[in-house]
Amino acid sequence: MANQTLGLGENLYNYLLAVSLREPEILTQLRQATANHPMGQMQIAPEQGQFMALLVQLIGAKKTLDIGVFTGYSSLAVALALPDDGKIIACDISEEYTSMARHYWQLAGVADKIDLRIAPALETLDDLINQGESGSFDFAFIDADKSNYDNYYERALKLVRNGGLIAVDNVLWSGRVADPEIQDNRTQKIRDFNQKLHADSRVNLSLVPIADGLTLAMKK
Ligand code: CA
């Protein structure tokens, strides 16, 4: 997992940040707190958070899904970009990781926009579908366990509206997807997922090589 953009080299990456990153102070604080966490590499890159915030504003999103919260950076970046009546349904199984998330959402004044559901995300997503919420979300970010990526994607595709956007993280998997020597289960799951999306006529597609690779799929 990479929490900065792959392949640019340090000088160019630092230049990119120096001329474009506008990270709100609260996100900087959360990023620094997460850097001390043993799983800190799971946090998204700051330039990716800013990119997703821009996407959310571009499509006029009000209602979004965050599948895989960890310490809350992506939820917070999106929440800050949503209008006052915006809403995020955030899915995670860890009370421990998300306790840091909740702390920073409170500090940022966006806690009321974020509905955190502590449960396996597939259960939360199936509940939303069963409650008639299909087609009602504008944006979904998938960044949880890679073995379930396809399951999350299929449910997100039901839940977003036509013209809504699904963003999927870690699709370049630190470059391992392109190394034929690497055959572990998670790497293969991501390869399979990438190939499936390439052929999926239900969406318009772009794989953006920001951070660890972010696939954008717009529901037709
Ligand atoms: Ca990730």
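1. Which residues of helix H2 (residues 25-35) are buried? In this predicted model, they are Ile26, Leu27, Thr28, Leu30 and Thr34. These buried residues pack against two helices: H4 (73-81) and H5 (95-108).

2. Next, a helix pair. Two packed helices are described by the angle between their axes and the distance between the axes. For H1 (residues 10-20) and H3 (residues 46-58), the axes come within 11 Å. They cross at roughly 45 degrees. H1 is therefore oblique to H3. The crossing of H1 and H3 is left-handed.

3. Now the residues at that crossing. H1 brings Tyr13, Leu16, Leu17 and Ser20. H3 meets them with Pro46, Glu47 and Gln50. By type, the residues of this H1 and H3 contact divide into 4 nonpolar, 2 polar and 1 charged.

4. Which residues donate to the calcium ion? The protein donors come from Asp143, Asp169 and Asn170.

5. The spacing of the calcium donor residues in sequence is D-x25-D-N. Asp143 sits in the loop between strand S4 (137-142) and helix H7 (149-159), while Asp169 belongs to strand S5 (residues 160-169), so the pair ties together parts that are 26 residues apart in sequence.

6. Are Asp143 and Asp169 buried or exposed? Both Asp143 and Asp169 are buried.

Definitions and conventions
Residues numbered from 1 in each chain as written. Predicted model: local features only at pLDDT ≥ 70, side-chain atom pairs only at ≥ 80, totals over all residues. Heavy atoms only, no water. Axes fitted to C-alpha atoms, helices over the stretch in contact; angles between N-to-C directions. Helix = DSSP H or I, 4+ residues; strand = E, 2+ residues; numbered from the N terminus. Parallel < 35°, antiparallel > 145°, perpendicular 65-115°, else oblique. Left-handed = near helix turned anticlockwise from the far one by under 90°. Contact = heavy atoms within 4.5 Å. Nonpolar A, V, L, I, M, F, W, Y, C, P; charged D, E, K, R; others polar. Donors = N, O, S within 2.8 Å, 3.2 Å for Na, K, Ca; no water. Buried < 20%, exposed > 50% of the residue type's maximum accessible area, 1.4 Å probe, protein only.
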